[in-house]
Amino acid sequence: MPILRQIAQLGQPVLRQETACVGNPADPLIQTLIDDMLATMAEANGVGIAAPQVFEPLRLFIVASHPNPRYPQAPVMAPTAMLNPEILWRSDEIEQGWEGCLSVPGIRGLVPRSLRIGVRYLSRGGGVCEEELSGFIARVFQHEHDHISGMVFLDRVASNRDLISEREYLRLVSA
């Protein structure tokens, strides 16, 4: 039975440290961690979550785009665990977009990200996956990839003038 894990908040050292590769995807501890991350992310209305956000310094995250109260316009995709993920290439085309984070509640920032990326990762079952991601899903992947690299979205915001409150963001997207 999955458990809801505490989400590390900005200032917790685990959010800024290097992460270790996942050795064996079939390890029952890794499978339990994935289940716990899925439950924790769903409870918090997230579209992604990285292992460091639940105090596990591992190269593992979940991308699970779907419309929810925090991201009403998000496209739908099946929740996907991505182990030892890599960005193979980035498009030159950059798009500014609003991002929030379960570890930085109440704030959104305008973040530049590559519009398209090529990625490689191990699936939950240990298979190697390579694909091209674009738009919002590419943004979520890049956001989560930052987490396993010791970064948060605030590190990518060009100016503090590009920060707004969560309430103001929700007003903007519902207008």
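The dialogue below asks what lies behind the labels placed on this predicted model.

Visitor: What should I know about the model and the numbering?

Guide: The model is predicted: local features need pLDDT of at least 70, side-chain atom pairs count only at pLDDT 80 or more, and totals for chains, interfaces and linings use all residues. Residues are numbered from 1 along each chain as its sequence is written, and side-chain values use heavy atoms, with hydrogens and water left out.

Visitor: Why is Glu144 called buried?

Guide: Buried means under 20% relative accessible area, exposed over 50%, and partly exposed in between (1.4 Å probe, protein chains only). Glu144 has 4% relative accessibility, so Glu144 counts as buried.

Visitor: Where does Glu144 lie, and which residues does Glu144 touch?

Guide: Glu144 is in helix α2. Helices (H or I, at least four residues) and strands (E, at least two) are DSSP runs, numbered from the N terminus. Glu144 touches Gly48, Ile49, Ala50, Gln53, Phe61 and Ile62, leaving aside residues up to four places away in sequence. Contact means heavy atoms within 4.5 Å.

Visitor: What does UniProt list for "active site"?

Guide: The unreviewed UniProt entry lists Glu144. UniProt positions are given in the numbering used here, feature names are shortened, and annotations may be inferred rather than shown by experiment.

Visitor: Which residues does the "binding site" annotation cover, and why can they be said to gather at one spot?

Guide: The unreviewed UniProt entry gives Cys101, His143 and His147. They span 47 residues in sequence, yet no two of their C-alpha atoms are more than 10.2 Å apart, so they gather at one spot. Of these residues, Cys101 and His143 are in the lining of the largest cavity.

Visitor: Are Cys101 and His143 buried or exposed?

Guide: Cys101 has 4% relative accessibility and counts as buried. His143 has 7% and counts as buried. Cys101 lies in strand β4, and His143 in helix α2.

Visitor: Which residues do Cys101 and His143 touch?

Guide: Not counting residues up to four places away in sequence, Cys101 touches Gln53, Arg70, His143, His147 and Phe153. On that basis His143 touches Glu99, Gly100, Cys101, Arg113 and Phe153.

Visitor: What makes a space a cavity, and how many of 30 Å³ or more are there?

Guide: On a 1 Å grid over the protein atoms alone, a cavity is a set of points where a 1.4 Å probe fits but cannot get out; a pocket is an open set with protein on both sides within 12 Å along at least five of seven lines; lining residues have an atom within 4 Å of a point. The structure holds 1 cavity of 30 Å³ or more. The largest cavity has a volume of about 150 Å³. Of its 16 lining residues, the closest to the centre are Val47, Tyr71, Gly100, His143 and Glu144. Grid points are joined across faces, edges and corners, and a volume is the space filled by probe spheres set on the points.

Visitor: Which element gives the largest share of the cavity lining?

Guide: That is α2, with 5 residues.

Visitor: What lines the largest pocket?

Guide: Its lining includes Tyr71, Glu95, Trp98, Arg139 and Tyr169. The pocket holds about 200 Å³ of space. β4 gives the most to the lining, 4 residues. By class there are 7 nonpolar, 3 polar and 2 charged residues. Ala, Val, Leu, Ile, Met, Phe, Trp, Tyr, Cys and Pro count as nonpolar, Asp, Glu, Lys and Arg as charged, and the others, Gly among them, as polar.

Visitor: How do you know that Asp146 and Arg113 meet in a salt bridge?

Guide: A salt bridge is a side-chain nitrogen of Lys or Arg within 4 Å of a carboxyl oxygen of Asp or Glu. Asp146 and Arg113 come to 2.9 Å, N to O, and so meet the cut-off. Asp146 lies in helix α2 and Arg113 in strand β5 (residues 104–114), so the pair ties together parts that are 33 residues apart in sequence.

Visitor: Which residues join Asp146 in one salt-bridge network?

Guide: Asp146 also forms a salt bridge with Arg156 (2.7 Å, N to O). Salt bridges with shared partners join Glu99, Arg113, Arg139, Asp146 and Arg156 into one network.

Visitor: Why is Arg156 called partly exposed?

Guide: Arg156 has 31% relative accessibility, so Arg156 counts as partly exposed. Asp146, at 4%, counts as buried.
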